[in-house]
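Subject: Structure for your review

Dear colleague,

Please find the structure below, handed over for your own work. My findings follow it.

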Amino acid sequence: MKNSSTMMLVLAWLMSGNNLQAQLAPKGYAAYTPLDSWSFYDSTTWMSDQGYAPVSFTNLDYSYLGNGSALVVDSTNQAWLQFNVFENDGTTNLTVDAGTVMFWFAPSWSGTNQGGTGPGEFGRLLEVGGYTPDSSFGWWSLFADDAGANLYFSAQTNDLSSNVVTYLSAPIAWTTNFFHFVVLTYSATNTALYLDGALATNGPPMTVYPGPDALANGFFIGSDSNGVLQAHGLFNCVYTFNVPLDADTIQQAYDWYFPYYLIDPLNITM
């Protein structure tokens, strides 16, 4: 990509106010309205971009990598960031039966297929509920394996069936502090995982997802509900939608974001 073109894209990004909907509209693609988003500019209270406070958080850190403001979930102690699925005013921050989650993530590890050790545990990128052997609570999770060589999207309902449905799995080859664009779409017709703008894999329709008890406990970015099984990495620009985004829109979002990550001097140094 030529430097002048890159700079023009970055200027457009800055002028858009870091708003995904504003970025997509000029290109003629359908403008999707996020349920909420997390730019992580506020590293004191960790408020969402729509002004909703987390339910709880602990042992988080902050980085100027990425788009200049990144949540870091990478601690030797328990660490978590918990938000409501449903706010008291009726706002919904995340849907588990149909929708999209998108974010940029940079691991603090390299995968074993890249000469590293991986996260060393099944690191949760985004999770609702929690896995139970008897499927007694409900679970919905996008996570990396302990080797850092694969991503998975799995779910349980609370039917005591002991069943786990793994909708998607895709190989990754990630290295330390290098950001990747991760988009998960899901609905009653199919599931899909996009990595760095491209379709990585398709999966079956959503048929199993957590019930009210698990949803009442909110969702967690970067760990499970106990602050363990951490992603061990950095998060930028988390968005949630109540509909699956189409492939063209996902590619366009990646194209808009990527130049900023490409030319940020801190990212280049790392």
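Which residues do ring pairs link into a cluster with Trp 109? The cluster consists of Phe 103, Phe 105, Trp 109, Trp 174 and Phe 235, joined through ring pairs. Please keep in mind throughout that this is a predicted model.

**Overall composition**

The protein has 270 residues, and 53% of them count as buried. Its secondary structure comprises five helices and 15 strands. Among contacts with a separation of 6 or more, 67% are made by residues 24 or more positions apart. The accessible surface is about 11100 Å², and carbon and sulfur atoms account for 53% of that area.

**Aromatic pairs and Phe 40**

A pair of aromatic rings is described by the distance of the centres and the angle of the planes. The count of aromatic pairs comes to 26. In the pair formed by Phe 40 and Trp 46, the ring centres are 6.1 Å apart and the planes stand at 65 degrees, so the pair is edge-to-face; the cut-off for that class is over 60 degrees. Both Phe 40 and Trp 46 are buried.

Phe 40 lies in the loop between β1 (36–38) and β2 (56–58). With a relative accessibility of 1%, Phe 40 counts as buried because the limit is under 20%. The backbone also deserves a look: Phe 40 is not a glycine, yet its phi is positive, at about 65 degrees. Ser 162, another residue other than glycine, has a positive phi near 65 degrees. Ser 162 is placed in the loop between β9 (150–156) and β10 (165–171), and with a relative accessible area of 41% it is partly exposed.

**Nonpolar cores**

The largest nonpolar core contains 43 residues, and within it Trp 140 and Phe 235 have the most contacts. A further core of 22 residues lies apart from it, with Met 102, Trp 104, Tyr 239 and Tyr 257 among its members. Phe 235, which also belongs to the ring cluster, touches a number of residues beyond four places away in sequence, including Phe 40, Leu 71, Val 73, Phe 103, Trp 104, Phe 105, Leu 125 and Ile 221.

Side chains of opposite charge can pair when their charged atoms come close. How many salt bridges does the count give? The count comes to one. Arg 124 forms a salt bridge with Glu 127, with 2.7 Å between the closest N and O atoms. Arg 124 is buried at 8% relative accessibility, and Glu 127 is buried with a relative accessible area of 2%. The charged end of Arg 124 also sits over the ring of Phe 143, at 5.0 Å from the ring centre.

**Two further positions**

Gly 66 is in the loop between β3 (61–63) and β4 (70–73), and at 0% relative accessibility it counts as buried. Although Gly 66 and Phe 178 are 112 residues apart in sequence, their C-alpha atoms are 8.7 Å apart in space.

Thr 201 belongs to strand β13 (residues 198–203). Is Thr 201 buried or exposed? At 18% relative accessibility, Thr 201 counts as buried, because the limit is under 20%.

With kind regards

Notes. Residues numbered from 1 in each chain as written. Predicted model: local features only at pLDDT ≥ 70, side-chain atom pairs only at ≥ 80, totals over all residues. Heavy atoms only, no water. Phe/Tyr/Trp six-rings, centres within 6.5 Å; stacked < 30°, edge-to-face > 60°. Buried < 20%, exposed > 50% of the residue type's maximum accessible area, 1.4 Å probe, protein only. Lys NZ or Arg CZ within 6 Å of the ring centre and 35° of its normal. Helix = DSSP H or I, 4+ residues; strand = E, 2+ residues; numbered from the N terminus. Core = buried A, V, L, I, M, F, W, Y, C linked by side-chain atoms within 4.5 Å. Contact = heavy atoms within 4.5 Å. Areas by Shrake-Rupley, 256 points an atom, 1.4 Å probe, with all protein chains shown as cover. Salt bridge = Lys/Arg side-chain N within 4 Å of Asp/Glu carboxyl O.
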